[in-house]
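I opened this entry to look at how two parts of one chain meet. My notes follow the structure.

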Amino acid sequence: MIRTKVMGLGSYVPDRIVKNEEIPFLDEKHVRQATKQTETDDEWIQRRTGIKERRYVPQDGTTATSDLALEAAKRAIADAGLQPTDIDCIILGTLSPDIHFPGTAVFVQKKLGIADKTNCACFDIRQQCSSFVYGMQMADAFVRTGMYKRILLIGAELHSHSLDYSTRGRDVMVLFGDGAGAMVLGPMETDDAKAGIMYTSAHADGNGAMDLYLKIFEIAKAPYVGYDANNRDENQIKYPQMDGKRVFLNAVRGMVMSTQAALAKTGLSWDDITWFVPHQANLRINEKVVEVAKIPPEKVLNTIDLFGNTTAATVPLTIDYWRQQGKVKKGDRILSSVFGSGFTWGAAIFQV
Ligand code: ACO
């Protein structure tokens, strides 16, 4: 029987570390100023979110989301022992695409140097923080039906250029960081029903669509891009808007439900799971999920303190970080649950 296995894993974060102490002093181009630009502080950020620092790309116009994705992709392909030309499909999740269209996967394909060398299909998916699990479900179906054989699944985000570095935007701004993670997925022949990707689930509830969103434009209107620097309400079109409390409550509910369903539907218990890797939105969300779903705390892997919320990238970035620290090992079985804008959520059980 054909099942899907994780052949390679890689991640990338930019070099610049932005600690909470620096956040209040950043201007709208995230350049540090001598005076406070935003009313926030390390104590508030750590207590409410668990975040201590995050990574930002340079703001000199040289780095796009596809560049972060490229570095993670190269590392995952090398980890799989493959060449870029072996990849026959790219699935890329991001809420911060290089430009509105075309999707970012084609830019990664070009930067990998395989645009004119292979027949490599490119998909962009837009499930925000749930993208990696949604993408894994797609990739698993593609591999098991024989549609594609070497799928590059990427989650990549460049948040730092689209945040509101003023007191008005502080609730959202302090949460997000830049980064990317990737996996190469391919087929294996096995009778072991627990091998490789064992389970994926994907859910959505569009009633939550406007509880966490970034407009940039509204196609229903003409002109469809409205921007007036003097009009505060119009200006908000540039920045993410969030009802933090509704997101928080729904995230806990969605991640608990999908985690419990993953175990119930596979018949596994926590004894069969090596690590629980939740989406990294807020440490308090993850602690609540662990408490309600009765997850053994020693099995939980987080990186929110180091990287903040990197949205589509959090799951592979967290797994790869802890692999580099020597915790995650080849063959470990991971249960991941995610929640994001949409609302979207889901879970997956897979071996790395
Ligand atoms: N620094 C200082 N004070 C702040 C900040 C900040 N960065 N942000 C908000 N505050 C203030 C508020 O203005 C408010 O002040 P007030 O009492 O004078 O009105 C006070 O802090 C409390 O604000 P709340 O919104 O009630 O704080 P809460 O405990 O709900 O925490 C937070 C806010 C951290 C945003 C929380 O709601 C949360 O984490 N929600 C989930 C957000 C999230 O994870 N989003 C992304 C997930 S989905 C995805 O990843 C796409």
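I started with a charged pair. The side chains of Arg323 and Asp79 form a salt bridge, with N to O at 2.9 Å. I kept in mind that the model is predicted.

Next I looked up the domain bounds. Domain 1 covers 2–189 and domain 2 covers 197–351. I asked how many salt bridges the rule finds across the interface of domain 1 and domain 2. The count is one.

I then turned to polar contacts. Across the interface of domain 1 and domain 2, I noted 21 residue pairs in polar contact, both residues at pLDDT 80 or more. I listed the elements that give two or more residues to the side of domain 1 that touches domain 2. The helices are H1 (42–49), H4 (131–144) and H5 (170–173). The strands are S1 (2–12), S3 (53–56), S6 (151–157) and S7 (179–189). I also sorted the residues of that side of domain 1: 20 are nonpolar, 19 polar and 14 charged.

Then I checked contact and distance. I found 53 residues of domain 1 in contact with 48 residues of domain 2. The C-alpha centres of the two domains are 14 Å apart.

Last, I looked up the area. How much do domain 1 and domain 2 bury between them? The value is about 4,100 Å², and 61% of it is on carbon and sulfur atoms. I wanted to know which residues of domain 1 lose the most area to domain 2. They are Cys129, Val133 and Arg168, which together make up 17% of what that side buries.

Note on methods:
Residues are numbered from 1 along each chain as its sequence is written. This is a predicted model: local features need pLDDT of at least 70, side-chain atom pairs count only at pLDDT 80 or more; totals for chains, interfaces and linings use all residues. Side-chain values use heavy atoms; hydrogens and water are left out. Domain bounds come from an automatic or database domain assignment. Contact means heavy atoms within 4.5 Å. Buried area is the accessible area (1.4 Å probe) that two parts lose on being put together, summed over both. A salt bridge is a side-chain nitrogen of Lys or Arg within 4 Å of a carboxyl oxygen of Asp or Glu. A polar contact is a pair of N or O atoms within 3.5 Å; within protein, one must be able to donate a hydrogen and the other to accept it, and residues adjacent in sequence count only if both atoms are side-chain atoms. Helices (H or I, at least four residues) and strands (E, at least two) are DSSP runs, numbered from the N terminus. Ala, Val, Leu, Ile, Met, Phe, Trp, Tyr, Cys and Pro count as nonpolar, Asp, Glu, Lys and Arg as charged, and the others, Gly among them, as polar.
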